[in-house]
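Hi,

Here is the structure I promised to pass on. Have a look at it first, and then read my notes below.

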Amino acid sequence: MIPYQSLHDAEISLGRNLTFAETLWFNYSATKSDYFLFCHNILFLFLIFSLVPLPLVFLEIKRLYPFDEYKIQPKVRLSLHEMLNCYKDVLKMFFLVVGPLQLISYPSIKMIGIRTGLPLPSGFEILSQLLVYFLVEDYTNYWIHRFLHNKWGYEKIHRVHHEYQAPIGFAAPYAHWAEILILGIPSFLGPAMVPGHMITFWLWIALRQVEAIDTHSGYDFPWNPTKYIPFYGGAEHHDYHHYVGGQSQSNFASVFTYCDYIYGTDKGFRYQKKILQKLKEDSTNGAAQNGRSYSEQENYKSE
Ligand SMILES: [Zn+2]
Ligand SMILES: [Zn+2]
């Protein structure tokens with residue numbers, strides 16, 4: 001809630017005219033409680049879970065050219081029924097775990113100092129905070145995810161997320177309830193270290209979900225704008241992690257590639273890429289018809 005009675009009061013307090021965005025924010029948020037503003041995240045998450053994967057579902061069913069060329073595991077196809085079942089399972093978890101977790105975590109947001117008032121943060125402030133949040137999330141998630149691949153963690157918790165050996169957009173948040181709770185920590189740590197405005201927090205929660213859907217899309221499109229983000233892992237990087245499955249000691253990071261590089265957990269992935277690249281070159285040259293001696297390559301594409 002903004003502590004000014006009117007736009008005029010706000011301008012006097014700030015000592016300047018409000019920007020267009022600040023006027024919009026004032027008009028929208030002035031009479032709403034901070035708790036209600038925070039709870040907008042539940043609606044945003046629901047909309048993103050439900051809408052962002054839809055084009056991918058369409059592609060999976062229709063197999064449209066040229067998009068279908070970029071399916072990473074082309075031999076694994078899910079029916080509409082199977083994808084909707086995944087959506088229903090995720091939705092169940094959303095209403096039983098994600099929603100209630102959001103509702104009760106408000107005191108922690110208040111404690112770390114997420115603000116809702118004026119002035120609004122600058123574009124630079126928002127972008128730099130989002131960058132910190134992604135870096136903190138990536139690093140923390142890397143180690144938690146790696147821990148979940150020990151025998152106990154995998155069998156008791158993480159196995160559920162790996163039910164999809166070839167991930168789809170709807171399977172991004174598909175996980176055991178305990179994993180959903182545990183992985184709330186990396187998402188919360190960044191804002192706790194560098195608290196910002198509620199709008200930045202909304203953006204963070206929304207972008208993190210979009211990023212998770214992108215990395216679980218099952219398609220590696222060369223025109224994906226994320227290709228311009230340095231060290232961004234994307235679908236190809238995380239798809240390999242699902243492809244290898246429970247024994248996977250590769251590609252634990254959720255966003256970027258550098259943790260796996262630094263800690264040496266991308267060796268299998270890099271080897272696979274090298275082999276596939278060689279096979280591609282050989283088949284282009286028409287020189288190696290018998291090059292596919294690695295049976296596991298049959299179901300996997302390099303690009
Ligand atoms: Zn895993
Ligand atoms: Zn995954």
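**A helix pair to start with**

Helices α7 and α10 cross in a right-handed way (right-handed if the near helix is turned clockwise from the far one by less than a right angle, left-handed if anticlockwise). Their axes, lines fitted to C-alpha atoms over the stretch in contact with angles from 0 to 180 degrees between N-to-C directions, come within 8 Å and cross at roughly 145 degrees. Here α7 covers residues 123-148 and α10 covers residues 184-193. On the α7 side, V132, Y133, V136, E137, T140, N141 and I144 meet I185, P186, S187, L189, G190, P191 and M193 of α10 (contact: C-beta atoms, placed from the backbone, within 7 Å). By class, this contact has nine nonpolar, four polar and one charged residues (nonpolar: Ala, Val, Leu, Ile, Met, Phe, Trp, Tyr, Cys and Pro; charged: Asp, Glu, Lys and Arg; polar: the others, Gly among them).

A word on the background: this is a predicted model, where local features need pLDDT of at least 70, side-chain atom pairs count only at pLDDT 80 or more, and totals for chains, interfaces and linings use all residues. Residues are numbered from 1 along each chain as its sequence is written, while chains are lettered from A and ligands numbered from 1 in the order in which they are written.

The protein has 14 helices and zero strands (DSSP runs numbered from the N terminus: helices H or I, at least four residues; strands E, at least two). Of its 303 residues, 30% count as buried (20 or more other C-beta atoms within 10 Å of a residue's own; exposed is 12 or fewer, partly exposed in between; C-beta atoms are placed from the backbone).

R270 sits in helix α14, residues 267-285, and counts as partly exposed because it has 14 C-beta neighbours inside 10 Å.

Best wishes

How values were computed: Two residues are in contact if their C-beta atoms, placed from the backbone, lie within 7 Å.
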